[in-house]
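Dear colleague,

Please find below the structure that I am handing over to you.

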Amino acid sequence: MKLKINQLGNPILRQRARALSVHEIHSDPIQQLIKLMIDTMHDTPGVGLAAPQIGESLQLIVIEDRPEYTKDVPIEQLKLRKRSPVPLHVVINPKLYIEEVDQAEFFEGCLSIAGFVALVPRTLAVRVECLNEKGEPVVIKAEGWYARILQHEIDHLQGTLCIDRMRDHSLMTVDNYMRYWKDKPVEEIMRERG
Ligand code: ZN
């Protein structure tokens with residue numbers, strides 16, 4: 001079953017989500033919600049989904065970057081983005097720490113801003129302290145694209161969207177990104193976008 005994904009303008013996307021207790025994490029409704037979020041992420045497909053996107057203002061995220069999602073992306077593009085597969089995992093009540101001052105700029109999209117992408121600077125390395133789906137404490141160290149996914153999804157729990165962080169004038173449809181910009185280096189895009 002696939003849940004409906006709320007789109008930009010839905011007020012829940014701008015709320016701060018609340019933390020879950022370990023007791024709640026163990027409960028049937030939350031375990032069921034986690035399963036539904038994983039199904040929804042897989043069916044959409046997407047590399048991450050935060051609970052506010054499906055209408056629950058809770059600090060709950062699912063993430064998975066499958067190899068099949070990037071099978072048509074040239075290897076040099078993947079290297080540039082430092083993108084490699086990330087196994088399925090659940091992030092609850094996360095605290096994000098920036099581990100690297102340097103940033104990288106790439107186009108990213110959001111399932112709640114369907115059909116659009118924008119150029120978003122993100123820090124290159126993060127540490128996340130959170131709970132897993134069993135309520136156990138976990139420390140995640142992430143670099144590159146995985147660090148970007150974590151920053152994007154954890155922003156959702158604060159009511160922040162990628163368009164709040166994007167470069168001015170960089171929002172565009174996915175179709176036009178594919179048509180005009182996808183193979184251009186970011187520096188060139190920055191010059192041309194006006
Ligand atoms: Zn998003």
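In these notes a residue is called buried if its relative accessible area is under 20%, exposed if it is over 50%, and partly exposed in between, with a 1.4 Å probe and protein chains only. The model is predicted, so that local features need pLDDT of at least 70 and side-chain atom pairs count only at pLDDT 80 or more, while totals for chains, interfaces and linings use all residues. Residues are numbered from 1 along each chain as its sequence is written, and side-chain values use heavy atoms, with hydrogens and water left out.

Cysteines

By the burial cut-offs, Cys162 is buried, at a relative accessible area of 5%. Its sulfur has its closest cysteine sulfur in Cys110, 5.1 Å away, which is too far for a bond. Cys130 is also buried, with 6% relative accessibility. For the sulfur of Cys130, the closest cysteine sulfur is again in Cys110, but at 20 Å, too far for a bond. A disulfide is taken here as a pair of cysteine sulfur atoms within 2.5 Å, and by this rule the count is zero.

Strand pairing

Helices (H or I, at least four residues) and strands (E, at least two) are DSSP runs, numbered from the N terminus. Two strands are said to pair if DSSP finds at least two bridges between them. Strand S3 (residues 86-98) pairs with strand S2 (residues 60-65) in the antiparallel sense, over five bridges. Within this pairing, Leu60 has Ile92 of S3 as its bridge partner. S3 is also joined to strand S6 (residues 125-131) by five bridges, and these two strands run antiparallel. Here Lys95 has Glu129 of S6 as its bridge partner.

Backbone geometry

Most residues other than glycine have a negative phi, and most peptide bonds are trans.

- Thr44 and Pro45 are joined by a cis peptide bond, with omega about -15°. Pro45 belongs to the loop between helix H2 (28-43) and strand S1 (48-50).
- Lys82, although not a glycine, has a positive phi of about 50°. This residue lies in the loop between helix H3 (75-81) and S3, and Lys82 is partly exposed at 49% relative accessible area.
- His169, likewise not a glycine, has a positive phi of about 65°. The loop that holds His169 runs between helix H5 (162-165) and strand S8 (172-173), and His169 counts as exposed at 60% relative accessibility.

With kind regards
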